[in-house]
Amino acid sequence: MEWEAVIGLEIHTQLATKSKIFSGASTAYGAQPNTQACAVDLGLPGVLPVLNEQAVRMAVTFGLAIGATVCPRSVFARKNYFYPDLPKGYQISQYELPVVEGGRLRIEPEGEDPMVVGITRAHLEEDAGKSLHEDFSGMTGIDLNRAGTPLLEIVSEPEMRSAAQAVAYMKKIHTLVRYLGICDGNMQEGSFRCDANISVRPVGRTAFGTRTEIKNLNSFRFVERALRFEIERQVEILEGGGAVVQETRLYDPARDETRPMRSKEEANDYRYFPDPDLLPLEIPQTLIEAVRDALPELPDAKRERFVSDYALSEYDALALTGSREMADYYEALVAELDGQAKLAANWVMGALSAALNRDGLTIDEGPLGPAALAGLLARVVDDTISGKIAKEVFEAMWAGEGEADQIIEARGLRQITDSSAIEGLIDEIIAASPQQVAQYRSGKTKVLGYFVGQVMKATQGKANPAQVNQLLKSRLDR
Amino acid sequence: MHRLTISQIAAALRGGEFSCVELTTHLLDRIEQMDGRLNSFVTVTREGALAAAADADGRLSRGEAGPLTGIPVAQKDIFCTDGVRTSCASRMLDNFVAPYDATVVERLRTAGCVMLGKTNMDEFAMGSSNETSFYGPVHNPWDLDRVPGGSSGGSAAAVAARLVPAATGTDTGGSIRQPAALCGVSGIKPTYGRVSRWGMIAFASSLDQGGVLARSAEDCALLLGAMAGFDPRDSTSVDREVPDYTAGLERDLSGLRIGLPREYFGEGIDGAVSAVIQEAIEIYRGLGAEMREIGLPNVHLSVPAYYVVAPAECSSNLARYDGVRYGYRCEAPRDLLDLYTRTREEGFGAEVKRRVMIGTYALSAGYFDAYYLKAQQLRRLISEDFRAAFEAVDVIMAPTTPTTAFRLGEKLDDPVTMYLSDINTIAVNLAGLPGMSIPAGLAQGLPVGLQLIGDHFEEPRLLSVAHAFQRETDWHRRTAPGFE
């Protein structure tokens, strides 16, 4: 029996507004508990919600970026349930009439063909607070700082058929929302949360099997592992003649398995009804057009442009457009270097990315801007230093020692390109290495490497490697 | 001093006949002596009132006074008052001290009003007799064995007993107009969206509206003018200029077309009440108004529609009262479920629980379409009836209530009978229209109220029509025996 998985993802993105969706309290992460929850967020008697326009603009931005319909009229609805981190006893969300409907996203799953995933809808809602079950001796601490933070819930069609496809979709959404500047995508801080709905069925059947929901997958790796595990688990059950139980499960990374979640509330009847404290959201065409005009170049378009404008490979273009910040950095760098697109690409993807990762910095936080790095690369282009020496200079610049030229000067790192000086060294080395000379001349051309190494050692790496090679050969071939 | 109208008080204060502190002290003493019989106040803010009065006197002496400077008022205990207990007449909020002022409170304070205290009401505004209060029932000054009406029973009784010249109220299905009628005072519920609901503890969000109870239409106009207006903190608040409600009061009535809906003059109306209303109608005829019989064919659906919509919204609005962040919490909860169930079981009274359950049921899966959705559709029909009526008439007139004040305890055993006492007032809330009740006469010594209903934002018209009646008659100046 051949089985296929049917996967849909619900992604909750925290919108990067300064204040909450229905109140003016701050959304900044990391504050002391309950210091960023105003009367409205606390659900005090008599308070009322007022919609944050920025959140709406961000939802519209997303809708346009995925080619969806931005609904000119959508309605906020109350989702009613009791839980201590939900102050009003209901969450303001959208139910029958969401702000964004339809849309599609082209994804490139690893090891599989590219495909298009449909997006059913995206809607605005408020986040709940946090329940902290540890550290309170058998009680639970409630922090309402997060209560009221705007969320855009993005629901895909159940069109994914493998863990790889699910991960590719999640990554694409992650990149897109960061590109659009509507979400910082920080999964550790909870700004980007993914729930998966997954079922399996025999290949060829159109009816859906019983699905389980896997909650709060907060890394790409976890999504992949959790889905793989779950697919296997469900197939095993069905092949053994059993039935899959419809339930909510959590992924346990330590054991690499999914487990049923401790249920927090039994009834799931949310008794949705339109929130009478809020007017229907009417989005004028003028606002939609204004947002459309302000849309940044989207990741796919940018990638294609990098391939054509900079003659980069698909692979390089993909890496460089991984984030808008990196793409912008790269383009600024190339602009300063006039035609050295490939060199710039190598350095951004290589030394720069390595240093950023090592120090845990984002590209905007790094100590070297495009102009400074361009200053260094220009010296490679004009042969002042070799690529290898450039790496040394790079680290010195990174550590704050100064600009490229300063460091090259201070450390005396100029490449030795004076042919007669090199020839002089070569003569010395040849004289001191009769054995290797004999080996070379008898046909072992690989011994050239020994001579190159010796010259580089003698010059502390500063000799121009191309010249060294050329001069050695002409000397030895005599 | 307690017999004066607001404009008379204002004139006296400006003229130096007495000070605000004197007036306030006099009323506070009156409350102390007489409110024991009525139970119309939950909290009396003596110190705060005297401080505000002294402040008002200062302003008056410096010539910085406005028309409401130094005017004593009471706030229905549904409005949040910063630093003062705001209980909604419920055990659930008996220990709740509001950390902010409702917009209504803020605006009246800024206008110079002096708050004497918070008035009693039906618990969470649910009731038509002020018998569901955690603090005990309010007694009607006209007959202490009878109800004052509800839910703004405390406000109506306090104004009727001249303990305060004016009080705020809220009206969701008649809770300003009905008690105004039963207590012989003037009350106005403005158009939905006219007065901000920020800080006004929610019962049924799409129906609640804040308003005034006072001793005359003119006094209502003065207070409404200060309370009304757009508030960015309330998304349902309407951004529309507030006219000077006192300006057009003297408007002539000739040519005024008054609609009399046959559905509101039906069999359920008490004979004595009917008689009083007929006389009032004659007075209007004498003033030049033209009477027309009209039909509001769907208003018989208003009580059923209301008793689905209002409980549904309230079941959601009252979910926040869970013992977690503020208000009542049961003793030693064993776990979360126990916390919720015992807090709400003990914190809420029977009528509140009844409505929360009805509302939860109406919204639940499988029943939403049959009840809530259907009720909202009926609402549209009712609004349509009024819209059509207002093409033919300028004002609609009817008895406010089918009977005069009933006895305490008389309707408690049968909630539906209680609900039917709102039959004439409820449709007005469903349609979001402004409505008033003014004293029209006495039947067996008990006040009878005349209801005036206007089209959206026609408060100036309503007030002038009410004022015209009050120029011709003196029912609004009569006082309950013992409270002169």
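Predicted model: local features only at pLDDT ≥ 70, side-chain atom pairs only at ≥ 80, totals over all residues.
**View 1. The hairpin of E14(A) and E15(A).** Strand E14 (residues 248-252) of chain A pairs with strand E15 (residues 257-260) of chain A in the antiparallel sense, over 4 bridges. The hairpin has 4 residues between the strands. Asp256(A) takes a positive phi near 55° in this hairpin.

**View 2. An open sheet of 3 strands in chain A.** The strands follow the order E5-E4-E16 (chain A), and their pairing is antiparallel. Strand E5 (90-94) and strand E16 (273-274) of chain A are the edge strands, each of which pairs on one side only. Strand E4 (residues 76-80) of chain A is joined to E16(A) by 2 bridges. Opposite Arg78(A) stands Phe273(A), a residue of E16(A).

**View 3. The contact between chain A and chain B.** On one side 25 residues of chain A take part, and on the other 36 residues of chain B. At least two residues of the side of chain A that touches chain B come from helix H1 (39-42), and at least two from E4 of chain A. By class, the residues on this side of chain A comprise 16 nonpolar, 4 polar and 5 charged. For the complex, the predictor gives an ipTM of 0.95 and a pTM of 0.91.

**View 4. The domains of chain A.** Chain A is divided into domain 1 (3-287), domain 2 (297-411) and domain 3 (419-476). The centres of domain 2 of chain A and domain 3 of chain A, taken over C-alpha atoms, are separated by 33 Å. Each of these two domains gives 4 residues to the contact between them. On the side of domain 2 of chain A that touches domain 3 of chain A, there are 1 nonpolar, 1 polar and 2 charged residues.

**View 5. Strand E2(B) and its partners.** Strand E2 (residues 72-76) of chain B is largely enclosed by the rest of the structure, because 5 of its 5 residues are buried. E2(B) runs parallel to strand E3 (residues 114-119) of chain B, to which 5 bridges join it. In this pairing Gln75(B) stands opposite Lys118(B). Together with helix H4 (residues 103-110) of chain B, E2(B) and E3(B) make a right-handed β-α-β unit. A further pairing in the parallel sense, over 2 bridges, links E2(B) to strand E4 (residues 166-170) of chain B. There, Ala74(B) stands opposite Ala167(B).

**View 6. Glu313(B) and its surroundings.** Glu313(B) lies in helix H9 (residues 302-317) of chain B. With 28 other C-beta atoms within 10 Å, Glu313(B) is buried. Leaving aside neighbours within four places in sequence, the contacts of Glu313(B) include one residue of chain A, Pro276(A). Its contacts in chain B are Ala204(B), Ser205(B), Ser206(B) and Gly359(B). The C-alpha atoms of Glu313(B) and Pro232(B) are separated by 22 Å, and these residues are 81 residues apart along the chain. The mean pLDDT of chain B is 96, and 100% of its residues reach 70 or more.

Terms used:
Residues numbered from 1 in each chain as written. Chains lettered and ligands numbered in written order. Pairing = 2+ DSSP bridges. Contact = placed C-beta atoms within 7 Å. Nonpolar A, V, L, I, M, F, W, Y, C, P; charged D, E, K, R; others polar. Domains from an automatic or database assignment. Buried ≥ 20, exposed ≤ 12 C-beta atoms within 10 Å, placed from the backbone. Right-handed = clockwise from strand over helix to strand, strands pointing away. pLDDT = per-residue confidence, 0-100.
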